[in-house]
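Biologist: I would like to learn how to read a model of this kind, feature by feature. Where should we begin?

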Amino acid sequence: MNWELARNAGAQFHDHRHASHAHSRPYVISRRGFAGIAAGAAFSAGVWIPGLAEAKEKDEKEKEKKSSQPVPIRGGSPKLGGSFHVFGPTPGGSFDPIDAEPSTITDFNGFVGLAYISGTVQRTDKRTREVRTLPMISSDMRFMTGVFRGVDSRVHEGTFALV
Amino acid sequence: MDVYEPSSGAQIHDLNPSDYHPTGLFWTIEIPEDGIEVNLGKGHASMEAKRVPIFDYGNIGNALSGGAPRTPGVVSFRVVWSGVNQRVNIRNTDPLYGGFAGNFVRNTAQMEWTAVTDDFTFVSAPLRTSSSNFAEIGEERNGSFFP
């Protein structure tokens with residue numbers, strides 16, 4: 001993310017994002033969710049179907065993975081309206097103060113890295129084969145590696161990147 | 001990754017893993033632990049990951065708000081932090097920006113990367129040709145680990 005552009009994007013995106021999700025989610029059932037329901041129905045009926053058993057096992061692993069997910073930091077940059085859980089520390093505080101939280105994960109103890117990087121990239125259009133050299137400007141790249149308290153309140157090890 | 005049209009200055013590619021996370025994590029995705037190396041004493045760190053799933057949202061507005069199509073893809077990258085411009089010890093108790101403490105090294109960073117989406121392939125110039133306008137690495141604790 002280029003923080004100068006993000007500043008211009010501003011807070012209005014937050015409301016729009018939540019509005020669009022609010023309309024779409026209630027009508028969606030995922031394939032994973034459907035598999036879990038189907039597997040549960042088969043077990044309760046005393047039926048053993050290997051494919052459904054595997055689906056249930058996969059569903060359990062997904063649940064375990066979700067429970068060990070990290071928790072986002074409280075709040076977020078006022079320049080983005082405060083609802084995106086990220087700060088953009090910048091020299092001179094042109095976006096957020098230079099000493100602002102660089103991690104996107106809370107209840108975290110470990111190593112972090114942050115950089116805003118510019119360069120060039122060669123892009124090839126897969127359809128036309130056109131090749132162009134384009135600028136990449138202030139791409140925000142971060143890492144967090146260490147221990148964190150997950151959404152399950154237990155401490156886990158993990159390594160994460162903000163891309 | 002933020003890519004621009006040189007003539008107009010408009011952003012034309014915004015590659016990030018968003019698909020807004022269930023717990024609200026901002027554009028943050030788990031990567032293999034062996035992709036990270038850190039040596040704060042030397043001011044060195046590196047981050048490497050391959051085929052990280054992303055979407056190309058086109059621009060920051062669409063990345064934050066949605067509303068326009070996005071294109072799936074994968075990105076591979078290597079970021080290297082090096083040098084020591086400044087060492088800082090931070091204990092930030094600010095109610096908004098703080099709630100953490102740690103030791104940081106402010107230095108410089110470079111990156112090389114590739115990406116493939118449904119429409120394009122991307123190959124960056126070599127790592128040595130890139131530059132950073134701000135970079136830091138550090139060891140920190142926040143939240144329940146913040147004393």
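Modeller: Begin with strand pairing: two strands count as paired if DSSP finds at least two bridges between them. This is a predicted model, and in it strand β1 (residues 108-125) of chain A is joined to strand β2 (residues 131-149) of chain A by 16 bridges, the two running antiparallel.

Biologist: Which residue is the bridge partner of A:Ala115 in β2(A)?

Modeller: A:Ala115 pairs with A:Met141.

Biologist: What lies between β1(A) and β2(A) in the hairpin?

Modeller: Five residues separate the two strands, and in the turn A:Arg129 has a positive phi of about 70°. Strand β3 (residues 155-162) of chain A is antiparallel to β2(A), with eight bridges. Within that pairing, A:Phe148 faces A:His156.

Biologist: How many bridges join β1(A) to strand β8 of chain B?

Modeller: Pairing can be read across chains in the manner just described. Five bridges link β1(A) to strand β8 (residues 120-124) of chain B, in the antiparallel sense. One position to look at is A:Thr124, which stands opposite B:Thr121.

Biologist: How should I read the contact between the chains as a whole?

Modeller: The size of an interface is often given as the accessible area lost when the parts come together. Here we can count residues instead: 71 from chain B and 68 from chain A take part. On the side of chain B, the largest share is twelve residues from strand β9 (residues 131-142). By class, that side of chain B has 38 nonpolar, 25 polar and eight charged residues.

Biologist: Which residues have the most contacts inside the largest nonpolar core?

Modeller: A core of this kind is built from buried residues, joined through C-beta atoms within 7 Å. The largest one has 65 residues, and those with the most contacts inside it include A:Ile105, A:Ala115 and A:Ala161 from chain A, and B:Val75, B:Val79 and B:Ala109 from chain B. The largest share of this core, eight residues, comes from β1(A). Take A:Ala161 as a case: leaving aside neighbours within four places in sequence, A:Ala161 is in contact with A:Arg142 and A:Phe143, and also with B:Ile29, B:Ile31, B:Met47 and B:Ala49.

Biologist: Is A:Gly81 buried, exposed or partly exposed, and why?

Modeller: The general idea is a neighbour count: 20 or more other C-beta atoms within 10 Å make a residue buried, and 12 or fewer make it exposed. A:Gly81 is partly exposed because 16 other C-beta atoms lie within 10 Å. A:Gly81 sits in the loop between α4 (50-67) and β1 of chain A. Between A:Gly81 and A:Met1 the separation is 80 residues in sequence and 16 Å in space, C-alpha to C-alpha.

Biologist: What pattern does chain B follow along its sequence?

Modeller: Chain B reads β-β-β-β-β-α-β-β-β-β, that is, one helix and nine strands. The C-alpha atoms of chain B fill a box of roughly 45 × 35 × 35 Å along the principal axes. Of the 147 residues in chain B, 43% count as buried. Among contacts in chain B between residues at least 6 apart in sequence, 60% join residues at least 24 apart.

Biologist: What scores does the model have?

Modeller: Where pLDDT is low, the predicted coordinates should not be read in detail. In chain B the mean pLDDT is 95, and 97% of residues reach 70 or more. The model scores ipTM 0.96 and pTM 0.82.

Conventions. Residues are numbered from 1 along each chain as its sequence is written. Chains are lettered from A and ligands numbered from 1 in the order in which they are written. This is a predicted model: local features need pLDDT of at least 70, side-chain atom pairs count only at pLDDT 80 or more; totals for chains, interfaces and linings use all residues. Two residues are in contact if their C-beta atoms, placed from the backbone, lie within 7 Å. Helices (H or I, at least four residues) and strands (E, at least two) are DSSP runs, numbered from the N terminus. Ala, Val, Leu, Ile, Met, Phe, Trp, Tyr, Cys and Pro count as nonpolar, Asp, Glu, Lys and Arg as charged, and the others, Gly among them, as polar. pLDDT is the predictor's confidence in each residue, from 0 to 100.
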